[in-house]
Amino acid sequence: MKSRERLRIAIQRSGRLSEPTLTLLERCGLSFRDGSDKLFCFGEDEPVDLLRVRDDDIPALIAQGVCDIGIVGRNVLEEFSCANENAACKLQILRPLGFGRCRLSFALPLENEYRDAAQLRGARIATAYPNLLRRWLNERRIDAQVITLTGSVEIAPKLGTADAVCDLVQTGATLAANHLREVETVLESEAVLAAPEELPSDGRGDLIDLLLRRLDDVNRVRGTRLLLLHAARGSVEAIARVLPGTPRLTVLQMDGAPDQVMLQALCASELGWRQLEAIRRAGARELFVLPVECALA
Ligand code: PRP
Ligand code: ZN
């Protein structure tokens with residue numbers, strides 16, 4: 001295949017990961033023309049483009065070299081790797097990304113009791129992840145019938161075509177709506193940055209290195225909040241006591257008001273409304289809570 005000079009990243013076109021993926025790439029400092037509706041998005045300032053596709057197609061596009069890297073659920077990546085164990089091009093996870101968390105789980109109709117996995121012997125299990133499921137069953141020497149469906153897995157028990165499902169669960173709403181109960185987890189998943197085991201050795205490899213550094217900068221401060229507030233000098237200690245975790249504090253003297261300060265606090269977690277109320281009661285005025293987008297080490 002002719003080598004490209006621009007880095008091409010495969011991302012999910014529409015679904016759970018689409019928006020957080022674009023937000024993450026933007027936080028890394030990348031911007032794209034037609035960022036939200038086109039199949040191909042051209043990178044504006046950096047030679048980094050996006051291909052927006054079905055998530056299930058992302059691993060194969062990377063393996064074939066159509067894209068250099070991709071952002072995809074660990075579930076989709078593992079299913080691909082399980083199905084292509086002997087393929088020449090193996091894929092690796094460069095970074096877990098901490099969003100799009102969900103799990104691949106077994107679920108049974110509400111009225112069925114569940115004791116342990118041995119109960120699945122001989123069962124008909126509907127799933128969109130047949131290879132992952134078979135691996136899990138084989139590891140436990142459970143002989144069951146795997147029924148591969150590409151969508152609407154959750155209605156199979158109601159239709160009488162399966163006894164159990166093995167499907168993705170995030171909020172659990174889909175299972176609840178179909179009178180199913182989650183009983184056992186097969187795989188914990190989240191969005192990951194996927195790449196071939198062998199990274200390109202040309203300029204695209206350098207771009208991947210750069211992207212990894214930016215990703216680490218962004219992830220280091222994820223959820224971090226910068227608090228700015230005014231207070232009497234005497235209240236600083238009381239305010240510090242109600243801040244979450246062990247925040248980094250900076251106290252600045254206000255010009256012409258010797259007993260007034262501006263307090264700056266970097267908090268590692270988000271602040272709930274009760275915490276904000278406690279900070280106000282401790283004497284904070286003009287409180288600003290700012291999200292931190294990126295921090296360079
Ligand atoms: C998954 C899964 C369920 C739903 C569960 O599909 O197949 O239908 O999400 O989520 P919940 O627990 O929040 O209700 P998804 O929308 O991710 O689509 P895909 O697997 O076809 O890409
Ligand atoms: Zn999908």
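A polar contact is a pair of N or O atoms within 3.5 Å; within protein, one must be able to donate a hydrogen and the other to accept it, and residues adjacent in sequence count only if both atoms are side-chain atoms. Between domain 1 and domain 2 of this predicted model, 6 residue pairs are in polar contact, both residues being at pLDDT 80 or more.

The model is predicted, with local features needing pLDDT of at least 70 and side-chain atom pairs counting only at pLDDT 80 or more, while totals for chains, interfaces and linings use all residues. Residues are numbered from 1 along each chain as its sequence is written, chains are lettered from A and ligands numbered from 1 in the order in which they are written, and side-chain values use heavy atoms, without hydrogens and water.

I turn to the domains. The assignment, which is an automatic or database one, places 7–100 + 191–220 in domain 1, 102–188 in domain 2 and 225–291 in domain 3. The centres of domain 1 and domain 2, taken over C-alpha atoms, are 29 Å apart. Their contact (heavy atoms within 4.5 Å) involves 9 residues from domain 1 and 10 residues from domain 2.

What links E78 and R135? They form a salt bridge, with 3.0 Å between the closest N and O atoms; the term requires a side-chain nitrogen of Lys or Arg within 4 Å of a carboxyl oxygen of Asp or Glu.

Finally, the ligand. An oxygen atom of ligand 1 lies 2.6 Å from a side-chain N or O atom of T171, and a polar side-chain atom of D167 is 3.1 Å from an oxygen atom of ligand 1.
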